[in-house]
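Here's a quick briefing to read alongside the structure. Take a look at the model first, then work through the points below.

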Amino acid sequence: MKKLEKKLSKLNGLISIARKAGFCVIGQDNLKGFDKKLHLIVLDKSAGDSLVREMTFLSNKKNCSLLTVDGLEEVTAIKNCKVIGIKNKDLSEMIEKEIKGE
């Protein structure tokens, strides 16, 4: 239990840094309209089928990773948050390693 809390805490910190630095694209509509380089899409496990389908298509189109996490709303501290995109390469790599548990 403690290891999971530590992992969520570190993930929360990384995403918080990304948000404060302006490297986050929050929400489905913002991601669809985003035309610059995207390095990572993080999707909540409770997301609906249409959102999953759309983000899978977008990750293929943008050639970026698509990862799912449990409780993205708690991690981002944004009510009803189901998807975020990360624009910074280094932060996206750190977040990806944290989610995959490396």
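Let's start with Glu96, which sits in helix H5, the stretch covering residues 89–100. Keep in mind that what you're looking at is a predicted model. Is Glu96 buried or exposed? Its relative accessibility is 16%, and the cut-off for buried is under 20%, so Glu96 counts as buried.

- Leaving aside residues up to four places away in sequence, Glu96 touches Leu40, Ser65 and Leu67.
- Lys89 also has its place in helix H5.
- With a relative accessible area of 47%, Lys89 is partly exposed, whereas Glu96 is buried.
- Which side chain does the side chain of Lys89 make a polar contact with? That partner is the side chain of Glu93, at 2.9 Å.
- Glu73 is another story: Lys89 and Glu73 are 16 residues apart along the chain, and 22 Å separates their C-alpha atoms.

- Most residues other than glycine have a negative phi.
- Asn63 isn't a glycine, yet its phi is positive, at about 55 degrees.
- You'll find Asn63 in the loop that runs between helix H3 (49–62) and strand E3 (65–69).
- Asn63 has 66% relative accessibility, and anything over 50% is exposed, so Asn63 counts as exposed.
- Ala77 has a positive phi too, about 60 degrees, and it is not a glycine either.
- The loop holding Ala77 lies between helix H4 (72–76) and strand E4 (83–86).
- Ala77 is exposed, with a relative accessible area of 65%.

**The nonpolar cores**

- The largest nonpolar core has 18 residues, and the ones touching the most other members are Leu11, Val42, Ile84, Ile86, Ile95 and Ile99.
- Which elements give two or more residues to this core? They are helix H1 (2–20), strand E2 (40–44), E3, H4, E4 and H5.
- H1 supplies the largest share of this core, with 4 residues.

Notes: Residues numbered from 1 in each chain as written. Predicted model: local features only at pLDDT ≥ 70, side-chain atom pairs only at ≥ 80, totals over all residues. Heavy atoms only, no water. Buried < 20%, exposed > 50% of the residue type's maximum accessible area, 1.4 Å probe, protein only. Contact = heavy atoms within 4.5 Å. Polar contact = N/O pair within 3.5 Å; in protein donor to acceptor, adjacent residues only side chain to side chain. Core = buried A, V, L, I, M, F, W, Y, C linked by side-chain atoms within 4.5 Å.
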